[in-house]
Amino acid sequence: MSSPRFHPDSSPSSADEPALLARVAEGDRESFRRLYVHYHRRLHRFLMRITREPHVCEEIINDTMMVVWRHAGDFRGDSQVSTWIMGIAYRRALKTLQRNRTARAQPIMVMPDPAAGHVTLDALVNGAEMHDWVGAALDRLSPEHRLVLELAYFMGLSCEEIASIAGCPVGTVKTRMFYGRERLRDALQAVALPRGEAAT
Amino acid sequence: MTRSVRTRECDAIGELIAWYVNGTLDPAGCARVEAHTSACERCRITLAMETRVAEAMRAPADNVEHSPHAGWQKMLARLDAEEEAGVPRPVRRAAARRKFNWPVAMGIAVAVQAAAIVVLAIALVQGRQQAEAPRYRTLSNVDATLAARGSLVRIAFDATVDERTVRALAQRVEGRVLAGPSPENVYTFVFDDADSAAQIEDRVRALRREPHVLLVEPVVLGPADASG
């Protein structure tokens, strides 16, 4: 006979999540385990991009979920449970990026508008190393710009969802995205092309 | 028609492109981006660039699936440590602010206390007879667990762990295998009924630190058949 309480692969749907969180607020560890397992993969994918170190990533996941455990009772249903949890992870990720940025600050070399130099842009867009270049270029962005890009392009979230997670107005997200993309484009050219060629 | 001069519409499209690329832009916005980029080379290049950037960001760095179980075991250890240190769990503040009413709360508290006294009195009188009754069931060997005397702990192992390893582990934590394995490789250990609840909790924590253990759950904490 199998245990009715041990279902490692059962995933709660988003409709079940508020009830699950309510049970977590009452100290139900089994509900907390289900929530933890359900969110682990998503948080791991997002946070590994930010930290690149598995043990740091796991530490942030557990810090995030500890906040969920302790403050589940504060969740009032104003947003989706996923937005609330991602918001907690976002603030942890922001702190990590801010700490890392101080440790390895690199100036961005500002390049001309890529639309004005098609050869340069073609080299960039068609480059086989695009994946590596983007990774290196993202490291050069401010934490706020980097996170908006990660949430939009990597997590596929809408402008409104990102605003809820980041706890800021939609207009701020749009502005961060606009300037984030500009800075990324500059950084991309700086990392992808030798200095002499970049401006040609 | 190809335009190379930056227009106001180019600026407006520039704000929409990211959301078009990640598929969250509304249909009217999508139509606007498509209409403009079909006519404007500058914005078409920008769109191609953004699409490549988004693709590069979405490409997996590796295909390794990371199991949550090791992290969960660490989380359980943190929860246990907090409980041991007596860290109080925060109450449901939002609900408390809205609903708290002193006279009603006092009335409920008095009623609950009175009910608890009555229940305790009945339990004391009937305790001896009830103590002999089985109070638990477990995974794969219902009869064995019903007959067991002692504290039961259920342990889920990963698929790599065989029965001999489990029996050795049970011996190491001064327990024995009562039931298992279930199809999910779950075992039930029983500990001597002379062991205190604190000793059992120590063993639960020790089991949770084992590398191939996915989950440890006490079924009955403290002597299961205490005859009080």
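Reply: In chain B, 66% of the contacts (heavy atoms within 4.5 Å) between residues at least 6 apart in sequence join residues that are at least 24 apart. This is a predicted model, in which local features need pLDDT of at least 70, side-chain atom pairs count only at pLDDT 80 or more, and totals for chains, interfaces and linings use all residues; side-chain values use heavy atoms, with hydrogens and water left out. Residues are numbered from 1 along each chain as its sequence is written, while chains are lettered from A and ligands numbered from 1 in the order in which they are written.

Chain B has 228 residues, and 38% of them count as buried (under 20% relative accessible area; exposed is over 50%, partly exposed is in between; 1.4 Å probe, protein chains only). The chain holds nine helices and four strands (DSSP runs numbered from the N terminus: H or I of at least four residues for helices, E of at least two for strands). Read from the N terminus, the order in chain B is α-α-α-α-α-α-α-β-α-β-β-α-β.

Confidence in chain B comes next. The mean pLDDT (the predictor's confidence in each residue, from 0 to 100) of chain B is 76, and 72% of the residues score at least 70. The pLDDT is below 50 over residues 94-100 of chain B, a stretch with six contacts in the model beyond near neighbours in sequence. Residues 130-138 of chain B are also below 50, and there the model has 26 contacts beyond near neighbours in sequence.

Two backbone details belong to the loops of chain B. B:Glu174 sits in the loop between helix 8 (163-172) and strand 2 of chain B. Its phi is positive, about 60°, although B:Glu174 is not a glycine. With a relative accessible area of 57%, B:Glu174 is exposed. The loop between strand 2 (175-179) and strand 3 (186-191) of chain B contains B:Pro181. The peptide bond leading from B:Gly180 to B:Pro181 is cis, with omega near 0°.

Chain B also meets chain A through a pair of helices. Helix 3 (residues 41-58) of chain B packs against helix 7 (residues 143-154) of chain A at an angle of about 85°, with the axes 9 Å apart (axes are lines fitted to C-alpha atoms, for helices over the stretch in contact, and angles run from 0 to 180 degrees between N-to-C directions). These two helices are therefore roughly perpendicular (65 to 115 degrees; under 35 is roughly parallel, over 145 roughly antiparallel, the rest oblique). From helix 3 of chain B, B:Glu50, B:Val53, B:Ala54, B:Met57 and B:Arg58 meet A:Leu149, A:Glu150, A:Tyr153 and A:Phe154 of helix 7 of chain A. By class, this contact has six nonpolar, no polar and three charged residues (Ala, Val, Leu, Ile, Met, Phe, Trp, Tyr, Cys and Pro are nonpolar, Asp, Glu, Lys and Arg charged, and the others, Gly among them, polar).

Two further residues of chain A touch chain B. A:His44, in helix 2 (residues 29-51) of chain A, is buried at 5% relative accessibility. Not counting residues up to four places away in sequence, A:His44 touches B:His66 as well as A:Cys57, A:Glu58 and A:Ile61. A:Ala25 belongs to helix 1 (residues 17-25) of chain A and is buried too, with a relative accessible area of 16%. Leaving aside neighbours within four places in sequence, A:Ala25 is in contact with B:Arg89, A:Ala72 and A:Gly73. Between the C-alpha atoms of A:Ala25 and A:Asp74 there are 8.4 Å, though the two are 49 residues apart along the chain.

Within chain A, helix 6 (residues 130-138) and helix 9 (residues 170-192) have axes that come within 8 Å and cross at roughly 120°. Helix 6 and helix 9 of chain A are therefore oblique to each other. Among the residues making that contact are A:Trp133 of helix 6 and A:Leu188 of helix 9. The contact has 11 nonpolar residues, with no polar and no charged ones.

Chain A has a mean pLDDT of 80, and 76% of its residues reach 70 or more.
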